[in-house]
Amino acid sequence: MKETDREAVATAVQRVAGMLQRPDQLDKVEQYRRREARKKASVEARLKAAIQSQLDGVRTGLSQLHSALSDVKDIQRSLADVSKDWRQSINTVESLKAVKDAVVRHSQLAAAVENLKNIFSVPEIVRETQDLIEQGALLQAHRKLMDLECSRDGLMYEQYRMDSGNTRDMTLIHSYFGSTQALSDELAKQLWMVLQRSLVTVRRDPTLLVSVVRIIEREEKIDRRILDRKKQTGFVPPGRPKNWKEKMFAVLDRTVTTRIEGTQADTRESDRMWLVRHLEIIRKCVLDDLLVARSLMVQCFPPRYQIFRSLLNVYHQALSTRMQELAAEDLEANEIVSLLTWVLNTYTSAEMMGNAELAPDVDVGALEPLLSPDVVAELLDTYMSTLTSNIIAWLRKALETDKKDWVKETEPEADQDGYYQTTLPAIVFQMFEQNLQVAAQISEDLKTKVLVLCLQQMNSFLSRYREEAQLYKEEHLRKRQHPHCYVQYVIALINNCWTLRESVVSLKRKYLQHDADEGVSLSQPSMGGLLDAIAEEGCSSLLEEVFLDLEQHLNELMTKKWLLGSNAVDIICVTVEDYFNDFAKIKKPYRKRMIAEAHRRVVQEYLRAVLQKRISFRNAEERKEGAERMGREAEQLRFLFHKLAAGFGEEMDGHCDTIVAVAEVIKLTDPSLLYLEVSTLVSKYPDIR
């Protein structure tokens, strides 16, 4: 307390020191004293009120404790009285055990009396129930079966209540009603048979299907009631719960699976189109069944069964299992295409699950894939591998067939415009077209892959085609009389190159969504160059054939015989014109190049004859005569090639002017002008020596 008093005095000193810091504040000392006195009185009043409140609470608590003590003593006395009464009544309870046993026996006897009629008539009811089942009166049969089961279960329950360990009496009751379980199994068998034919039954006799559903509903209610009683008593009659609703869906599941598997009527050995037929039968069956289920079966089942949704899931799962089984077989390429087309396209199309009549209840977008992406990818890899092998084999066979045509004694066929051709381009691109059409049925991605594959294999094929064409030429040069139609088939070979080029462009335009597709755009330039190379080699072969025939006459140019009046150029013109009449069967782009090349080579050979100095002019007169002859022959050659090129609407190059220019140099009579003329000639034609 002393410490507290000191702290209070110190606090008061500080407050007074704070109030009297200036001299003028001494005048307010009395005012300060009154204010502090008021504060002190207020604090003392609040303190007294708080203490009084605490004292009142303590007083109330003590009063309640006294009351509680009194109540506890009263309860203690009451419990002592109850305990005394209980000890006195033990002997009385023991004496009532006989009454209790009598009550239980009375209950059992009452149940027996109640079921006495049924107990004595069990054999008769069994026979009647069996007859009703055989007659198809399933509802009446089930009613009698329920009566039998109710009697059996009631007796067994009473026996269970009296003595649950007495198995002898329980077995006796069960054996007496032994036929009941057999009847239940026989009735269930009939129900499952109706459900197996439900899609047929619902059209012919929907009442029968409704009866089956009602029986299953009854059994479900009995199952629920017995399971509820089991929680209270622990007693469950034999054969319960039957779970017929679950078994019903299991039967429908097995029925659908068997129906789908049973649609395969053929095998690969008996019919090459077995898979197409199998898938088409599945499509028709599933669509018909679902339409019947949606329009008729939903009317025979309670809405909570969601029978259409359940059947849809069952069919989808069964189809998925069947498709996986088919995918696991060793399928051929065309069979893989049929399977994938059906799985990826047909299944969700308007021909099946996307049918307008199913649309309100079937969301195609929500259906799970019939085959997993991994299985689809594996099938596509197998298909591409098989297709690659097939294309290589087909192209090899097409080339062998074309080579056999090359040695025929008859000319090749001509197209509608009269150009020679063989069947090779049509065979090759018909094959490509068929495979692309098939791939397009599956997916755009596969279509592009197949197109890339076709063009890649086409490149490889063209290399072999080029080699065979070269061998064909070499064989002919060894024996020029054979083959008989060599020129015509080389023309057809050249035309094939142009046809193949146009076919490639057509394929790309038809089967590519984007022109800039990387995989395909890279293959086109090399293929175009290869086709041009093959065609140019074919043109060179034909021109070589021409110049082999012209060789003798070209050797006569610029010789004494030529100067004295040889008709070598006439023969050259006639021969070239005759060959180019045959070459009219070549398509224009290549024929135009051939005419230009023939023109260049004839002039080149003419100039070579000049520069080889086969003749020496003895005087100016001979030079003049030779130069004039050269001018006439140059004009003759110019006329020839102008005539050949007339159909192209373009002027030919002035190669023949070179001959005229050389002739002008030869006929010079003034040696002082020779250097000027030669310089002019060399500057105009720098490739002349």
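**Exercise 1.** Are Phe301 and Tyr305 buried or exposed?

Solution. This is a predicted model. Here Phe301 is buried. Tyr305 is buried too.

**Exercise 2.** Classify the ring pair of Trp342 and Tyr347, and say whether each residue is buried or exposed.

Solution.
- Step 1: take the geometry. The ring centres lie 5.9 Å apart, and the planes meet at 35°.
- Step 2: apply the cut-offs. Rings pair if their centres lie within 6.5 Å; planes under 30 degrees apart count as stacked, over 60 as edge-to-face and the rest as tilted.
- Step 3: conclude. The planes of Trp342 and Tyr347 are at 35°, so this pair is tilted.
- Step 4: check burial. Buried means under 20% relative accessible area. Trp342 has 4% relative accessibility, so Trp342 is buried. Tyr347 has 2%, so Tyr347 is buried.

**Exercise 3.** Count the aromatic pairs, then describe the one formed by Phe301 and Tyr305.

Solution.
- Step 1: the count is 12 aromatic pairs.
- Step 2: Phe301 and Tyr305 sit 6.1 Å centre to centre, with 50° between the planes. Their pair is tilted.

**Exercise 4.** Which residues do ring pairs link into a cluster with Trp406?

Solution. Ring pairs join Trp406 with Phe461, Tyr465, Tyr472 and Tyr486.

**Exercise 5.** Find the residues that lie over the faces of Tyr420 and Phe547.

Solution.
- Step 1: Lys585 lies over the face of Tyr420, 5.4 Å from the ring centre.
- Step 2: Arg601 lies over the face of Phe547, 4.4 Å from the ring centre.

**Exercise 6.** Locate Leu26 and decide whether Leu26 is buried or exposed.

Solution.
- Step 1: Leu26 is in the loop between helix H1 (2-19) and helix H2 (29-95).
- Step 2: exposed means over 50% relative accessible area. Leu26 has 54% relative accessibility, so Leu26 is exposed.
- Step 3: Leu26 forms a nonpolar surface patch with Val16 and Leu20. Together they have about 250 Å² of accessible area.

Notes:
Residues are numbered from 1 along each chain as its sequence is written. This is a predicted model: local features need pLDDT of at least 70, side-chain atom pairs count only at pLDDT 80 or more; totals for chains, interfaces and linings use all residues. Side-chain values use heavy atoms; hydrogens and water are left out. Rings of Phe, Tyr and Trp (its six-membered ring) pair if their centres lie within 6.5 Å; planes under 30 degrees apart count as stacked, over 60 as edge-to-face and the rest as tilted. Buried means under 20% relative accessible area, exposed over 50%, partly exposed in between (1.4 Å probe, protein chains only). A charge sits over a ring if NZ of Lys or CZ of Arg is within 6 Å of the ring centre and within 35 degrees of the ring normal. Patches are made of residues with over 30% relative accessible area and no salt bridge: like charges are joined within 9 Å, nonpolar side chains (Val, Leu, Ile, Met, Phe, Trp, Tyr) within 5 Å. Accessible areas come from the Shrake-Rupley method with a 1.4 Å probe; for residues, only the protein chains shown count as cover. A salt bridge is a side-chain nitrogen of Lys or Arg within 4 Å of a carboxyl oxygen of Asp or Glu. Helices (H or I, at least four residues) and strands (E, at least two) are DSSP runs, numbered from the N terminus.
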